[in-house]
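Good morning, and thank you for the time on today's agenda. Please have the sequence and the structure open while I speak.

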Amino acid sequence: AEFTMLDTRVDDGEAAGEAELAQPVLAVVGRPNVGKSTLVNRILGRREAVVQDTPGVTRDRIAYDALWAGRRFTVVDTGGWEPDATGLQGSVAAQAEIAMNTADAVLVVVDATVGATTTDEAVARVLRRSKRPVLLAANKVDDERLIADAASLWSLGIGEPYPVSALHGRSSGDLLDVIVAALPEAPRDGERAAGPRRVALVGKPNVGKSSLLNKISGEQRAVVDSVAGTTVDPVDSLVELDDQTWRFVDTAGLRKRVQTASGTEYYASLRTKTAIDASEVSVVLLDASEPLSEQDLRVLTMVVDAGRACVLAFNKWDLVDEERRYQLERELDRGLVRVPWAERVNISALTGRSVRKLAPALRTALTSWDQRVPTGQLNGWLSELIAATPPPVRGGKQPKVLFATQAGIRPPTLVLFTTGFLEAGYRRFIERKFRERFGFAGSPVRINVRVRE
Ligand code: GDP
Ligand code: GDP
């Protein structure tokens with residue numbers, strides 16, 4: 001097979017504020033029985049069970065989260081990739097090829113007590129072309145006397161053999177140090193700034209933003225006083241809702257009701273963008289008494305593109321009668337196809353109706369925004385999904401999804417490692433199923449695809 005560009009990334013079309021691929025990937029390759037699974041277990045510290053003995057659950061495409069010296073990375077056991085290649089040597093070499101084109105580093109495991117076999121040599125030949133780091137574990141070095149056997153593996157021409165005993169744990173810490181040093185530095189999910197969670201209140205003019213802020217900030221002065229030592233940016237408002245303090249960002253204009261005569265729309269849109277960017281969760285206010293407008297959808301799109309959690313608040317519910325309610329439902333079916341996951345509340349800023357329901361909706365959305373699915377769990381679910389509904393064939397080829405990781409949070413971002421392009425429709429299908437299984441109500445979820453061409 002011809003393999004070209006290593007990490008062509010295909011986006012889901014959401015350009016702005018995309019989360020980085022935060023967690024580097026280590027692929028483990030080698031012949032059967034050299035001790036790959038045992039070593040992977042050792043690397044994971046047995047925090048997750050690698051071998052699922054449930055009948056029908058295949059062992060392929062397994063990937064797990066590892067943590068060493070404060071560094072998180074994903075470990076992938078490549079056994080099971082390309083089982084259709086001819087012969088053992090062919091299939092192990094093919095696995096190595098994919099690993100080298102997919103992962104950030106490759107760990108080759110060789111049985112030092114056996115020495116380099118022709119299959120090991122075939123793997124080494126492939127990996128000598130690798131542009132990413134390749135590490136060689138000389139396994140089953142259970143005691144000192146076997147170290148000479150390990151040294152003989154220099155002959156493979158892929159660098160220093162690190163003697164380890166996966167079974168007894170001998171020198172596995174040293175190997176992990178080397179692995180972590182070889183992996184690219186991952187940007188960490190920075191600790192969230194302490195203090196109240198940041199909320200943007202956005203929506204078209206006259207939808208009721210100032211009214212809502214006034215309604216819920218009745219107790220605001222008291223709140224500001226009670227949060228001792230908190231420096232409140234004067235453009236923000238601290239608001240107590242449901243026994244929790246929230247920071248409503250960029251509300252100065254709302255409070256003062258500053259409205260400029262000319263260029264209002266431009267400035268309104270700029271201010272909306274600023275507020276959304278400053279927020280963790282945005283409340284998009286919609287006027288339930290009027291048809292959903294272009295302007296509403298523009299604001300909503302800004303929130304989704306910025307990757308913020310989202311609550312839809314249908315305001316002026318006091319004006320909604322049975323007939324309007326029916327119309328509205330039909331408008332939403334069509335208008336909100338992009339955000340079926342958004343939290344919804346029906347409120348009246350005028351009467352105060354259901355305004356207290358905002359807080360639980362905000363909490364749900366933020367919990368989803370912060371949520372991370374462990375790699376093992378994600379891949380267990382994904383391999384079943386894909387076995388049941390494989391990606392559509394394109395140009396006569398069936399793209400394979402090798403494994404996935406949730407690379408980031410805020411917003412949750414999945415990366416699928418594949419052997420071919422996945423159509424937008426199929427990615428949406430995966431997102432829908434992902435939400436059915438794991439929730440994520442109120443938060444956008446991004447799905448990026450890393451293709452080995
Ligand atoms: P895999 O097929 O490469 O994943 O290999 P396994 O992890 O399933 O291991 C194959 C066999 O080798 C098992 O019986 C393991 O217990 C054994 N094994 C793995 N690592 C070591 C080791 O460091 N020393 C010894 N003596 N045996 C090992
Ligand atoms: P903003 O431009 O988004 O800040 O909107 P305002 O808060 O200034 O509200 C615009 C108009 O809608 C005002 O006349 C409000 O009294 C009215 N309004 C706001 N909320 C409601 C509501 O829940 N029900 C009704 N009937 N009117 C409302």
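Which residue just after α1 takes a positive phi? It is G45, with a phi of about 65°.

Before going further, a word on conventions. This is a predicted model, in which local features need pLDDT of at least 70 and side-chain atom pairs count only at pLDDT 80 or more, while totals for chains, interfaces and linings use all residues. Residues are numbered from 1 along each chain as its sequence is written, and chains are lettered from A and ligands numbered from 1 in the order in which they are written.

The protein chain has 14 helices and 16 strands; these are DSSP runs numbered from the N terminus, helices being H or I with at least four residues and strands E with at least two. Of its 453 residues, 44% are buried. Among contacts between residues at least 6 apart in sequence, 74% join residues at least 24 apart.

Let me return to α1. Its buried residues are K36, L39, V40, N41, R42 and I43. The elements covering them include β2 (25-29), β5 (105-111), β6 (134-139) and α5 (172-182). Helix α1 (residues 36-44) also supplies the largest share of the shell around ligand 1, 3 residues. That shell has 14 residues, of which G35, K36, S37, T38 and L167 come nearest; the criterion is a C-beta atom, placed from the backbone, within 6 Å of the molecule. By class, the shell holds 4 nonpolar, 7 polar and 3 charged residues. In this scheme Ala, Val, Leu, Ile, Met, Phe, Trp, Tyr, Cys and Pro are nonpolar, Asp, Glu, Lys and Arg are charged, and the others, Gly among them, are polar.

Around ligand 2 there are 16 residues, with G208, K209, S210, S211 and L350 nearest. Helix α6 (residues 209-216) gives the most to this shell, with 3 residues. Its classes are 6 nonpolar, 7 polar and 3 charged.

Finally, the largest nonpolar core contains 121 residues, and L26, V106, V108, A137, C310 and V311 touch the most other members. Such a core is a set of buried Ala, Val, Leu, Ile, Met, Phe, Trp, Tyr and Cys residues joined through C-beta atoms within 7 Å. The residues that V108 touches include V29, V123, L136 and I158, not counting those up to four places away in sequence.

Note on methods:
Buried ≥ 20, exposed ≤ 12 C-beta atoms within 10 Å, placed from the backbone. Contact = placed C-beta atoms within 7 Å.
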